[in-house]
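Where do they sit, and how do they meet?

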Amino acid sequence: MNRRPAAGFFTPRFIASSLAAVAVTWMAAAVVSTPAAQAGKVADIAGYRDPDREQRLIEGAKEEGALTLYSNAPTDDNADLVGAFTKKHGIKINLWRASSEEIRQRVLAEAKAKRFDVDFILNNSPAMEALRSEGVLQAVTSPYLADLMAPAVPRHREWVGFCLNVIVAARNTNLVKNEEQPATYQGLADPRWKGRLGIEVDDFDWFAGLIGELGEAKGIELFREIAATNGFSVRKGHTLLANLVAAGEVPLALTIFNYTAEQLRRKGAPIAWFPLAPLISMPNSISIASTAPHPHAAVLFLDFMLSDAQKILAERDYVVTSTKVASPLDRSGLKVLDSAKTLADGHKWRRLYTGVVASRK
């Protein structure tokens, strides 16, 4: 006796739904395994040391065709770097420029969502340390690491310092004459500076390094005296602060990146920068994302940043970390902050800086 199958059993609809379920299961498994597989691939490429390393990177990068860069560098500097790399290798760079904190948050949010878009990150080193603690950066091997000053290459090599952000003072040359220029931080407590001093709102890391050199009790007491006597005009952004000095809105600023002030001076702006000892600096750093979708291009760009780009940046007045390239400041005389310690002690120094400096206007 022939028996009919139950209604709907092995019907086209049943088969289609079953295949869809299998496909969903397979795709879910693929999504879960892809980050681990990609991380392994990135690690292999980043750690490759054989003599054909450069050729393999170039060939792989050409196949990948592009890379995505998150950078906190100034717009003009990004343009020079991206343009030079693209001209040399024919690799397109998709750039997203943002603040240090915005970059950190975006990288972590993407990692949490298992969305892996970024290949290469350019940011300050404490922010990189924060990303490193989350396991989203890849240690690298590059022949150019040997050319860098020691503080630029942490033992873990998950980020590398390509230049130093050196904090200097800057004055508007029409409002503060050369003979009036202060020689020490102690000189800023003179009442002549009342209403004339500017400072950046987030420079607690510089403050930590400076107070560490001056002595904590003595240094904090000095800045409390300066704030009480003369006050600070607190601004957000080093580039903005430098431009306000050039415009005459801030006669004297304490926390300017040397290269920003020098670039403005070369364009004819009435600004002069000068060091106040001790001279504090922080590595500005580069890293490859541990799940970079274009790992050959990312490692090739890292090599570029530690070789050709060092000359480009030096011409733009940066203090680069390659000892083979001249610096506008004596690198041996700079106090380079420990990025891991700066990150670990960040809450303490942010609170102190806000209380002593940034809240006084």
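The structure holds 14 aromatic pairs. Here rings of Phe, Tyr and Trp (its six-membered ring) pair if their centres lie within 6.5 Å; planes under 30 degrees apart count as stacked, over 60 as edge-to-face and the rest as tilted. Take Y70 and W96. Their ring centres are 5.2 Å apart and their planes meet at 75°, so this pair is edge-to-face. Y70 belongs to strand β1 (residues 66-71) and W96 to strand β2 (residues 92-97), so the pair ties together parts 26 residues apart in sequence. Strands (E, at least two residues) and helices (H or I, at least four) are DSSP runs, numbered from the N terminus.

This is a predicted model: local features need pLDDT of at least 70, side-chain atom pairs count only at pLDDT 80 or more, and totals for chains, interfaces and linings use all residues. Residues are numbered from 1 along each chain as its sequence is written, and side-chain values use heavy atoms, leaving out hydrogens and water.

Y70 is buried, at 1% relative accessible area. W96 is partly exposed, at 26%. Buried means under 20%, exposed over 50%, partly exposed in between (1.4 Å probe, protein chains only).

Now F207 and W349. They form an edge-to-face pair, 6.1 Å centre to centre, with 75° between the planes. F207 lies in helix α6 (residues 204-214) and W349 in helix α13 (residues 346-358), so the pair ties together parts 142 residues apart in sequence. Both F207 and W349 are buried. They also share one aromatic cluster with Y185, W206, F223 and Y353.
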